[in-house]
Amino acid sequence: MTPYQIAENIEASGLGQIIRESTWLFPIIEATHLLALALLGGSILIMSLSILGWGLKAPLADLYTSAHRYLNAAVFALLFTGVLLGVSEPVKLYGREAFWVKMSSLLVSLVVTYCVFNPLVRRGVASWGLRGATVLTIAAWLAVAMAGRWIGFS
Amino acid sequence: MLETLVTKLADTTWSIGLHESLHMYAITESTHVLSIMLFVGTIAMVDFRLLGIAFTKVQVSQMLSRMLPWTIFGFVLLVVTGSMLFLAIPVRTYHSIWFRLKLLMILIAAINIAIFTFKVERDKAAWDLGDVPRKSKICAVISLGAWACVIIFGRLIAYNWFDCESITSPIMAKITGCHLDPG
């Protein structure tokens, strides 16, 4: 089965049909996706601004304890609602460059956040490496959000 | 009066330019959406602190003073890009029930901020690291609810379910300022 055929099969699935045919489901899932985006921004920024010296003056490890829970909740909600949005129109998405840009930058963001940024913040030691990772993390997530919004325009 | 104004606005070269330019409109809307992360994101973190469910080791006063510049920065970006988005499609947006509900929610959030700033947080020195009083928590819940509604209603402006052409009930016509077809 080619990737395109997989997309066609998902599109024909019951879940895809339900979301596509409902007037309210798609917009409500979209709005929830945005609410989770705000939470993602807040939880990453509160750690990042502090690391860069522009935010809270508090021990990093303390900030991490609270912020990483909201970060996890936001990522989970974004992936969950994102999958639902994707399932409702996979054939359209398959043909859109912005979708593939979003998926690649999402992969980069997840790896950078969970494999580099989080472990460094948890350790709580300020360093140039951490500042670099912070800038990279913000840039990666901005790319995901920007490409995501672009799916609707392309 | 307002309706005449938005109709005139729609005829300006600025409005037509923004509306017709695919890239300018897309960039403006994307910036509007990305600014939500800065604005509502920082507000949510402060509200969670007031509710006592996050950052309890950080003083409330520090949380407010160090986050506020970023919240204001986000607000400026949102107002500038939001005004541009309105300018691009003024008449339809003016009549949109979602846009009107969004403005109402912004008004509620603004009143809530005023009450918090001028009344509730006055004695914050007493609860900077201790138990946050209930009145502060109520402000935090109203803030979270109102801004969440602003995001939801804002997203729904894009949908045309209640555009003037599809409105038939007199009540909806009154709320949206649309004119019903006679007959």
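**Cysteines and the A–B interface**

Mentor: In this predicted model, Cys149(B) has its closest cysteine sulfur 16 Å away, in Cys139(B), which is too far for a bond.

Trainee: Is Cys149(B) buried, exposed or partly exposed?

Mentor: Cys149(B) is partly exposed, at 23% relative accessible area.

Trainee: How many disulfides are there over all chains?

Mentor: The count is 1 disulfide. Cys164(B) is joined to Cys178(B), with an S to S distance of 2.0 Å.

Trainee: Which parts of chain B does the pair tie together?

Mentor: Cys164(B) sits in the loop between α7 (134–156) and α8 (170–176), and Cys178(B) in the segment after α8, so the bond links parts 14 residues apart in sequence. The torsion about the S-S bond is about -75 degrees, so this disulfide is left-handed.

Trainee: Is Cys178(B) buried or exposed?

Mentor: Cys178(B) is buried, at 8% relative accessibility, whereas Cys164(B) is partly exposed at 24%.

Trainee: Changing topic, how many residues of chain A are in contact with chain B?

Mentor: There are 34 from chain A, in contact with 35 residues of chain B. The buried area is about 3,300 Å², and carbon and sulfur atoms give 78% of that.

Trainee: How many salt bridges are found across the interface?

Mentor: The rule finds 3 salt bridges. One of them pairs Arg155(B) with Glu30(A), whose closest N and O atoms are 2.8 Å apart.

Trainee: Which element gives the most to the side of chain A that touches chain B?

Mentor: That is α3(A), with 15 residues. By class, this side of chain A has 23 nonpolar, 7 polar and 4 charged residues.

Note on methods:
Residues numbered from 1 in each chain as written. Chains lettered and ligands numbered in written order. Predicted model: local features only at pLDDT ≥ 70, side-chain atom pairs only at ≥ 80, totals over all residues. Heavy atoms only, no water. Contact = heavy atoms within 4.5 Å. Buried area = accessible area lost by both parts, 1.4 Å probe. Salt bridge = Lys/Arg side-chain N within 4 Å of Asp/Glu carboxyl O. Helix = DSSP H or I, 4+ residues; strand = E, 2+ residues; numbered from the N terminus. Nonpolar A, V, L, I, M, F, W, Y, C, P; charged D, E, K, R; others polar. Disulfide = S-S within 2.5 Å. Buried < 20%, exposed > 50% of the residue type's maximum accessible area, 1.4 Å probe, protein only.
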